[in-house]
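Here's a quick briefing on the chain below. Have a look at the fold, then work through the points by topic.

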Amino acid sequence: MVLPTKKFQKKKESFICRHCGAIVEGNGYTDHCPHCLWSQHRDINPGDRKEKCHGLMKPVGVEIKKGYYLIYYQCQKCGYQFKVKAAKNDNFEEILKLSAFPF
């Protein structure tokens, strides 16, 4: 019997940002650097770490939806596009810079 894969898997992992070098302490929901907002293409479903690309995900735009910010990303290696809700500890100046590129 094969059990279905969960769509979200909580992974509490700390990491060093491959874009700015900041040390990021993960909380189980951390999927991007709160300093520069860059991410890494590691998941097929959130938290599964099954993506083989591992390219850097550049923040390319932002949208305000229902009172929160959505950050849009594009993988610099394969072109995959993705969006995530901004975290409370994200660098708001970087979010504001992205507002020049609304979605």
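This is a predicted model: local features need pLDDT of at least 70, side-chain atom pairs count only at pLDDT 80 or more; totals for chains, interfaces and linings use all residues.

Contact here means heavy atoms within 4.5 Å.

**Histidine 32**
- You'll find histidine 32 in the loop between strand E2 (23-24) and E3.
- Is histidine 32 buried or exposed? It counts as buried, at 5% relative accessibility.
- Its side chain makes a polar contact with the side chain of aspartate 31, at 2.5 Å.
- Another polar contact, of 2.8 Å, joins the side chains of histidine 32 and aspartate 90.

**Strand pairing**
- Strand E3 (residues 39-40) runs antiparallel to E4, and two bridges join them.
- Across that pairing, serine 39 stands opposite methionine 57 in E4.
- E4 and E5 are antiparallel as well, with eight bridges between them.
- One of the residues to look at here is glycine 61, whose bridge partner in E5 is tyrosine 72.
- E4 and E5 form a hairpin with two residues between them, and lysine 66 in the turn has a positive phi of about 55°.

**Nonpolar cores**
- The largest nonpolar core has 11 residues, including Leu37, Cys53, Met57, Tyr73, Val84 and Leu98.
- Strand E4 (56-65), strand E5 (68-75) and helix H1 (92-98) are the elements that give two or more residues to this core.
- E5 provides the largest share of the core, three residues.
- Another core, of seven residues, lies apart from it and has Val24, Cys36, Trp38 and Leu56 among its members.

**Cysteines**
- How many disulfides are there? The count comes to zero.
- The sulfur of cysteine 33 has its closest cysteine sulfur in cysteine 20, 3.7 Å away, so that pair is too far apart for a bond.
- Cysteine 33 is buried, with a relative accessible area of 0%.
- Cysteine 53 is in no disulfide either, its nearest cysteine sulfur being that of cysteine 75 at 3.6 Å.
- Cysteine 53 is also buried, with a relative accessible area of 11%.

**Salt bridges**
- The count of salt bridges comes to four.
- Arginine 49 pairs with glutamate 13, where the closest N and O atoms are 2.6 Å apart.
- That pair links distant parts of the chain: arginine 49 sits in the loop between E3 and E4, glutamate 13 in the segment before E1, and they are 36 residues apart.
- Both ends are partly exposed, arginine 49 at 24% relative accessibility and glutamate 13 at 28%.
- Arginine 49 also forms a salt bridge with aspartate 43, with the closest N and O atoms 2.7 Å apart.
- A network of salt bridges links Glu13, Arg42, Asp43 and Arg49.
- Lysine 97 forms a salt bridge with glutamate 94, and the closest N and O atoms there are 3.0 Å apart.
- Lysine 97 and glutamate 94 are three residues apart in helix H1, so about one helical turn separates them.
- Lysine 97 counts as exposed at 52% relative accessibility, while glutamate 94 is partly exposed at 22%.

**Lysine 7**
- Lysine 7 has its place in the segment before strand E1 (15-16), and it counts as exposed at 63% relative accessibility.
- Which residues does lysine 7 contact, leaving aside neighbours within four places in sequence? Those are Asn45 and Pro46.

Notes
Residues are numbered from 1 along each chain as its sequence is written. Side-chain values use heavy atoms; hydrogens and water are left out. A disulfide is a pair of cysteine sulfur atoms within 2.5 Å. Buried means under 20% relative accessible area, exposed over 50%, partly exposed in between (1.4 Å probe, protein chains only). A nonpolar core is a set of buried Ala, Val, Leu, Ile, Met, Phe, Trp, Tyr and Cys residues joined through side-chain atoms within 4.5 Å. Helices (H or I, at least four residues) and strands (E, at least two) are DSSP runs, numbered from the N terminus. Two strands pair if DSSP finds at least two bridges between them. A polar contact is a pair of N or O atoms within 3.5 Å; within protein, one must be able to donate a hydrogen and the other to accept it, and residues adjacent in sequence count only if both atoms are side-chain atoms. A salt bridge is a side-chain nitrogen of Lys or Arg within 4 Å of a carboxyl oxygen of Asp or Glu.
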